[in-house]
Amino acid sequence: QVQLVESGGGLVQPGGSLRLSCAASGIRFSIYTMGWYRQAPGKPRELVATITSGGNTNYADSVKGRCTISRDNAKNTVYLQMDSLKPEDTAVYSCNAAYTDWRYRKYDYWGQGTQVTVSS
């Protein structure tokens, strides 16, 4: 079965850095668009960043210049490097794998999430 397992969350002080990882199994990782999303308490889930199978990246305006998404297809892993963290970055961060095949069938999988807390 498909599994997306996030790691790397935790408590960090404002201005600090964290690197999140998401290890995928059960999918042909290299063809999927991988993404990081986050959800803060009382707020809807929002996009943080995505990276396509070809390596094209997209970032939310709120994290541009502070976050970098990358992927290692050999390790079936996607990363999110987060720098200059702010208290408003506090949220549960979830990994997503998405793919649409030639018949327009959509495949969409989520990890369980990892908590990131930015606080002094």
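## A strand-only chain, seen from one hairpin

Strand 7 and strand 8 run antiparallel and are joined by six bridges; strands here are DSSP E runs of at least two residues, numbered from the N terminus, and two strands pair if DSSP finds at least two bridges between them. Before going on, note that this is a predicted model, where local features need pLDDT of at least 70, side-chain atom pairs count only at pLDDT 80 or more, and totals for chains, interfaces and linings use all residues. Residues are numbered from 1 along each chain as its sequence is written, and side-chain values use heavy atoms, with hydrogens and water left out.

**The hairpin and its sheet**

Four residues sit between strand 7 and strand 8 in this hairpin, and N76 takes a positive phi near 50° there. Strand 7 shows two faces: C67, I69 and R71 are on the covered one, while T68, S70 and D72 are on the uncovered one. Here are two of the cross-strand partners.

| Residue | Opposite it in strand 8 |
|---|---|
| T68 | Q81 |
| R71 | V78 |

As a reminder, strands of a sheet pair through backbone hydrogen bonds, either parallel or antiparallel.

**The core**

What does the largest nonpolar core look like? This core has 30 residues, and those with the most contacts inside it are M34, W36, I69, V78, L80, M82 and Y93. Strand 3 (18–25), strand 4 (33–39), strand 5 (46–51), strand 7 (67–72), strand 8, strand 9 and strand 11 (114–118) each give two or more residues to this core. A nonpolar core, by the way, is a set of buried Ala, Val, Leu, Ile, Met, Phe, Trp, Tyr and Cys residues joined through side-chain atoms within 4.5 Å.

W36, found in strand 4, counts as buried because its relative accessibility is 0%; buried means under 20% relative accessible area with a 1.4 Å probe, protein chains only. The C-alpha atoms of W36 and L80 are separated by 7.5 Å, although these residues are 44 residues apart along the chain. Y93 touches W36 and L80 too, with E6, R38 and V116 also among its contacts (heavy atoms within 4.5 Å), not counting residues up to four places away in sequence.

**A buried aspartate**

D89 lies in the loop between strand 8 (77–82) and strand 9 (91–100). Is D89 buried or exposed? D89 is buried, because its relative accessible area is 2%. Its side chain reaches the backbone nitrogen of K86 at 2.7 Å. Leaving out residues up to four places away in sequence, D89 touches R38, R66, S84, V116 and V118.

**The whole chain**

The protein chain has zero helices and 11 strands. Buried residues make up 39% of its 120 residues. Of the contacts with a separation of 6 or more, 54% come from residues 24 or more positions apart. The C-alpha trace spans about 50 × 25 × 25 Å along its principal axes.

Definitions and conventions: Buried means under 20% relative accessible area, exposed over 50%, partly exposed in between (1.4 Å probe, protein chains only). A polar contact is a pair of N or O atoms within 3.5 Å; within protein, one must be able to donate a hydrogen and the other to accept it, and residues adjacent in sequence count only if both atoms are side-chain atoms.
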